[in-house]
Amino acid sequence: MAHKLLKGVRSAKKSSLKKQFKQDKEKKRQKAAQKAKREEERDENPLAGLKKWQKKAIRQEAAAQAAAAAQAAAGLAKAKVTTKRARAKVESAAEAPSPGQSSQRSQKEKKLAKKEARQQAHQQRQHRELYAGSGRVLLVGEGNFSFARALCEVRGSGDGIYASAFDGEATLKRKYPDAVELQKQVEEKGGTTLLNVDATKLHKVREFRDAFSIILWNFPHLGAGEKDVEKNNDLHRKLLSAFFVSALRCLDEQGTVHVAMKEGEPYKSWKIVQLAKVSTDGVLQLQKVVPFSLSAWPGYEHRRTRGFNERFSKKDNEELAKGAKVYVFARSQGNAEAEQDAEDE
């Protein structure tokens, strides 16, 4: 009996221990679950489970850290701006010339301007000297008579100046609206204006034969609008050849023929120096070449053979400013070196 009771006690103790173990295990599990839950809540809300004073302290510390971070960011931005301004200032200082450099550049520009002014003045003198004498001058192929008017003004008188145009009166008025007024100004200065004068048939006017010291044709052109380049060049060679032959018969003993032409093509292909020599059997030869100075003739307005065009004609003088020359031919042997230079250009 005693053994059975002991056995029962032991059995009872085992049972209670087992139960206790289960309870302890369950408590541990619950505590672990609660702890995990608190940690999870703390991750989501770091202030969860803390006392008020702790929460307040943490919030104050977080605010202080945020203020410090904002101040640091502002300082960094300011430093970047300052650095950028300093770099720009350095670059500007590097690019800007020093007072010495600026002075040197200014002196160079002044010297260059003076050199250009001297060169322009020299070209003006060269061009005007061609017509400084008192002999009779025949201008052929005048458009609106603006060169004739300028020549009268430069010479101080129109005496001995005969300005002729190929067109008749009606055609002239239509092509060059300002021609009538300019004709009047030439005649008021003592010059003579003539219409319907063909530059290739000058010698057929009896009064023209052996009469002129200078025969001048500024920028001869047919104005035919021929698109074929070689055919166009051939037509102009024939025009100039006929002009040289006719003009030669109208020169006095010391007379010269002047032809002004733009530089470049197609004018270079007309070979004007060779034409003058060949067409007159070597009688007319190149004497000199002078730059055409637009500024030497105040009021001169270059006009195309086709007539005045509002869209294009205002730019005609700009074309001359790019480069033009006056070729002077005489009965003398001429200057072989000048001839070679002219043909090489």
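Of the contacts in the protein with a separation of 6 or more, 78% are between residues 24 or more positions apart; contact here means heavy atoms within 4.5 Å. The structure is a predicted model, in which local features need pLDDT of at least 70 and side-chain atom pairs count only at pLDDT 80 or more, while totals for chains, interfaces and linings use all residues. Residues are numbered from 1 along each chain as its sequence is written, and side-chain values use heavy atoms, with hydrogens and water left out.

**Overall composition**

- The protein has 10 helices and seven strands, taken as DSSP runs numbered from the N terminus (helices: H or I, at least four residues; strands: E, at least two).
- Of the 345 residues in the protein, 31% are buried; buried means under 20% relative accessible area, exposed over 50%, and partly exposed in between (1.4 Å probe, protein chains only).

**Helix α4**

- Helix α4 spans residues 146-155 and is mostly covered, with seven of its 10 residues buried.
- The buried residues of α4 are S146, F147, A148, R149, A150, L151 and C152.
- These buried residues pack against the strands β1 (137-140), β2 (161-164) and β4 (212-218), and against helix α6 (179-188).
- Just after α4, G156 takes a positive phi of about 85°.

**S146 within α4**

- S146 belongs to helix α4 and has a relative accessible area of 1%, so S146 is buried.
- Not counting residues up to four places away in sequence, S146 touches L182, G299, Y300 and E301.
- A polar atom of the S146 side chain lies 3.1 Å from the backbone nitrogen of E301.

**Loop residues and backbone geometry**

- P177 is placed in the loop between α5 (169-175) and α6; P177 has a relative accessible area of 61% and is therefore exposed.
- Although P177 and N144 are 33 residues apart in sequence, their C-alpha atoms are 8.0 Å apart in space.
- D210, in the loop between β3 (192-194) and β4, has a positive phi of about 55° although D210 is not a glycine; D210 is exposed, with a relative accessible area of 55%.
- F219, in the loop between β4 and α7 (229-248), is not a glycine but has a positive phi of about 55°; F219 counts as buried at 10% relative accessibility.
- E265 and P266 are joined by a cis peptide bond with omega of about 5°, and P266 lies in the loop between β5 (251-262) and α8 (272-279).

Terms used
A polar contact is a pair of N or O atoms within 3.5 Å; within protein, one must be able to donate a hydrogen and the other to accept it, and residues adjacent in sequence count only if both atoms are side-chain atoms.
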